Each structure stands twice: as structure tokens, then as C-alpha cells.
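I opened the notebook to keep track of what I looked up in this model.

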Amino acid sequence: MYVRTKSILENANKEIKKCKIDTSKLMEEEGIALLKNIYEFKEILKSVTEKNEPYLLSRYLIELAKNYSTFYNKYKILKEDENIANARIYLTYMTNIVLKNGAKILGIEMPEKM
């Protein structure tokens with residue numbers, strides 16, 4: 001899923017940090033679920049370190065990848081109104097960052113292409 005998000009971001013050809021993001025455009029159930037999932041990352045890391053249970057992180061990353069896959073399969077990311085597209089691209093960006101950083105913490109190197 002990391003490679004898919006990376007590919008979408010390359011195709012979007014936008015500088016994410018300069019995009020105007022309106023997260024209220026992510027009102028679909030899958031978008032909200034994914035956003036909530038992303039925001040859980042900090043708490044998952046806290047639990048992993050407190051309990052010394054790295055499987056919590058791997059389970060979280062699998063769930064995040066499933067949630068993104070559901071979102072990706074149901075909604076167009078790039079071929080939408082610009083405000084909706086920017087919100088979905090930013091959600092893709094956040095998913096990409098969390099997957100990459102989570103895998104790095106687990107010592108897993110992510111491929112750049114498939």
C-alpha cells in the first residue's frame with residue numbers, strides 16, 4: 001500500500017504542503033475512518049513502548065493499509081473537484097508517511113517501486 005500511495009502522490013504532481021486543504025471535504029465514512037486511523041498513530045507508538053509489544057504497531061499498520069485500500073477503491077483521488085482532490089491527496093500523503101515511519105520503526109525497508 002505504501003508503493004501505491006507513493007505512486008498517487010507522484011501522479012498528483014503537487015507540493016502537498018502548499019496545497020489548500022479542506023478536511024471537511026472528507027465527509028465520506030471511509031475518509032473519516034482513515035483520518036481517525038491516522039490520528040491513532042501517536043497513541044499506538046506510546047502503547048508499543050509502554051507495553052514493549054511491537055506487534056501492536058504491525059497490527060495497526062495492517063489496519064491502516066486495509067482502510068486506505070477501501071478508501072482508494074471506492075473514491076477517485078485525482079479526478080475530482082480540486083478541493084476534494086486536495087483533501088484526498090493530503091490523506092494519501094499522511095497515510096504514506098505513517099506507513100513509511102511505522103515500517104521504519106519495525107526495521108522494515110519499504111520498496112520504492114513494485
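This is a predicted model: local features need pLDDT of at least 70, side-chain atom pairs count only at pLDDT 80 or more; totals for chains, interfaces and linings use all residues.

The entries below cover helix packing, salt bridges, backbone angles and a few distances.

**Entry 1: α2 against α4.** I looked up how helix α2, residues 29–39, sits against helix α4, residues 55–74. The two pack at an angle of about 155°, and their axes are 9 Å apart. An angle over 145° counts as roughly antiparallel, so I wrote α2 down as roughly antiparallel to α4. The crossing of α2 and α4 is left-handed.

I then listed the residues that make this contact. From α2 they are Glu30, Gly31, Ala33, Leu34, Asn37 and Ile38. From α4 they are Tyr60, Glu63, Leu64, Asn67, Tyr68, Thr70, Phe71 and Lys74. Sorted by class, the contact of α2 with α4 has seven nonpolar, four polar and three charged residues.

**Entry 2: α4 against α5.** Next I looked at the pairing of α4 with α5. Their axes come within 10 Å and cross at roughly 155°. That makes α4 roughly antiparallel to α5, and I recorded the crossing of α4 and α5 as left-handed.

On the α4 side I found Leu57, Tyr60, Leu61, Leu64, Ala65, Tyr68 and Phe71. They meet Arg88, Leu91, Thr92, Thr95, Val98, Leu99, Gly102, Ala103 and Ile105 in α5. By class, I noted twelve nonpolar, three polar and one charged residues in the contact of α4 with α5.

**Entry 3: the buried side of α1.** Which residues of α1 are buried? I got Tyr2, Val3, Thr5, Lys6, Ile8, Leu9 and Ala12. I also looked up what covers these buried residues of α1, and the cover includes α4 and α5.

**Entry 4: salt bridges.** How many salt bridges does a search of the whole structure find? The search returned four.

I began with Glu10 and Lys6, whose side chains meet at 3.2 Å, N to O. Both lie in helix α1, residues 2–12, and are four residues apart, about one turn of the helix. An α-helix has 3.6 residues a turn, so residues three or four places apart point the same way. Lys6 is among the buried residues of α1, whereas Glu10 is partly exposed with a relative accessible area of 44%. I also found that Lys6, Glu10 and Glu112 are linked in a network of salt bridges.

I turned next to Glu28 and Arg88, which form a salt bridge at 3.2 Å, N to O. Are Glu28 and Arg88 buried or exposed? Both are buried. Arg88 is also one of the α5 residues that I had listed in the contact with α4.

I then checked Lys74 and Glu30, where the closest N and O atoms are 3.1 Å apart. This pair also links distant parts of the chain, with Lys74 in helix α4 and Glu30 in helix α2, 44 residues apart. Both residues had already come up in the contact of α2 with α4. I noted Lys74 as exposed, with a relative accessible area of 53%. Glu30 counts as buried because its relative accessibility is 15%, and the cut-off for buried is under 20%.

**Entry 5: positive phi.** I looked for residues with positive phi. Most residues other than glycine have a negative phi. Just after α1, Asn13 takes a positive phi of about 50°. Phi of Asn52 is near 55°, also a positive value in a residue other than glycine. I placed Asn52 in the loop between α3 and α4, and at 63% relative accessibility Asn52 counts as exposed.

**Entry 6: two distances.** I looked up Lys42, which is in helix α3, residues 41–51. Lys42 counts as exposed, at 67% relative accessibility. From Lys42 to Tyr72 I noted 23 Å, C-alpha to C-alpha, for 30 residues of sequence separation.

The other distance concerns Ile108, in the segment after α5. Ile108 is partly exposed, with a relative accessible area of 47%. The C-alpha atoms of Ile108 and Pro54 are separated by 12 Å, and the two are 54 residues apart along the chain.

How values were computed: Residues are numbered from 1 along each chain as its sequence is written. Side-chain values use heavy atoms; hydrogens and water are left out. Axes are lines fitted to C-alpha atoms, for helices over the stretch in contact, and angles run from 0 to 180 degrees between N-to-C directions. Angles under 35 degrees count as roughly parallel, over 145 as roughly antiparallel, 65 to 115 as roughly perpendicular and the rest as oblique. A crossing is left-handed if the near helix is turned anticlockwise from the far one by less than a right angle, and right-handed if clockwise. Contact means heavy atoms within 4.5 Å. Ala, Val, Leu, Ile, Met, Phe, Trp, Tyr, Cys and Pro count as nonpolar, Asp, Glu, Lys and Arg as charged, and the others, Gly among them, as polar. Buried means under 20% relative accessible area, exposed over 50%, partly exposed in between (1.4 Å probe, protein chains only).
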